[in-house]
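Trainee: Could you show me how to read a few features from a structure, one step at a time?

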Amino acid sequence: MPRAKVTVEFNEGFFDEVLNSAGVRAVVDLAAQRAVSEAKSTAPVDSGAYRDSIHVEHEQAQHRQIAKVVADAPYALYVEARTGNLARAIRKAKI
């Protein structure tokens with residue numbers, strides 16, 4: 001029995017328009033700000049530099065808007081490796 005071939009063509013322009021729309025950007029920013037709030041509230045505090053360095057960076061990818069939650073204290077990678085603070089905050093902030 002011969003199998004039917006199915007082809008699907010996507011209108012990439014449509015998806016670019018939707019994924020870069022103001023509504024999608026607002027949802028991305030909301031999730032990122034929730035993650036920042038959660039990460040700052042659960043961050044381990046010694047001097048407060050790590051907690052204060054947590055912020056959102058925006059980036060434009062080829063087809064969509066990206067919001068990254070980052071900590072740029074010199075020892076942030078060490079804190080993240082030991083505590084998983086940013087990873088937990090990002091998982092909790094999903095909309």
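**Starting from one asparagine**

Mentor: Let's begin with N20. Setting aside residues up to four places away in sequence, N20 touches R25, Q60, H63, R64 and Q65. Keep in mind that this is a predicted model.

Trainee: Where is N20 found?

Mentor: N20 is in the loop between α1 (12–19) and α2 (22–42).

Trainee: Which polar contact does the side chain of N20 make with another side chain?

Mentor: For a polar contact, look for a pair of N or O atoms within 3.5 Å. Here the partner is the side chain of Q60, at 2.8 Å. The side chain of N20 also reaches a backbone atom, the oxygen of D16, at 2.9 Å.

Trainee: How does N20 count in terms of relative accessibility?

Mentor: Buried means under 20% and exposed means over 50%, with partly exposed in between. N20 has 22% relative accessibility, so it counts as partly exposed.

Trainee: Which residues make a nonpolar surface patch?

Mentor: V6, V8, F10, F14, F15, V18 and L19 make one of about 700 Å². Take F14 as an example: this residue is found in helix α1, and it counts as partly exposed because its relative accessibility is 46%.

Trainee: Now the inside. Which residues have the most contacts within the largest nonpolar core?

Mentor: A nonpolar core joins buried nonpolar residues through side-chain atoms within 4.5 Å. The largest one here has 16 residues, and Y50, I54, V69, A71 and L86 have the most contacts inside it. The elements giving two or more residues to this core are α2, β1 (54–60), β2 (65–71), α4 (76–83) and α5 (85–92). Of these, α2 gives the most, with four residues.

Trainee: What does V69 touch?

Mentor: Leaving out residues up to four places away in sequence, V69 touches A32, A35, V36, I54, H55, L86 and I90.

Notes:
Residues are numbered from 1 along each chain as its sequence is written. This is a predicted model: local features need pLDDT of at least 70, side-chain atom pairs count only at pLDDT 80 or more; totals for chains, interfaces and linings use all residues. Side-chain values use heavy atoms; hydrogens and water are left out. Buried means under 20% relative accessible area, exposed over 50%, partly exposed in between (1.4 Å probe, protein chains only). Contact means heavy atoms within 4.5 Å. A polar contact is a pair of N or O atoms within 3.5 Å; within protein, one must be able to donate a hydrogen and the other to accept it, and residues adjacent in sequence count only if both atoms are side-chain atoms. Patches are made of residues with over 30% relative accessible area and no salt bridge: like charges are joined within 9 Å, nonpolar side chains (Val, Leu, Ile, Met, Phe, Trp, Tyr) within 5 Å. Accessible areas come from the Shrake-Rupley method with a 1.4 Å probe; for residues, only the protein chains shown count as cover. A salt bridge is a side-chain nitrogen of Lys or Arg within 4 Å of a carboxyl oxygen of Asp or Glu.
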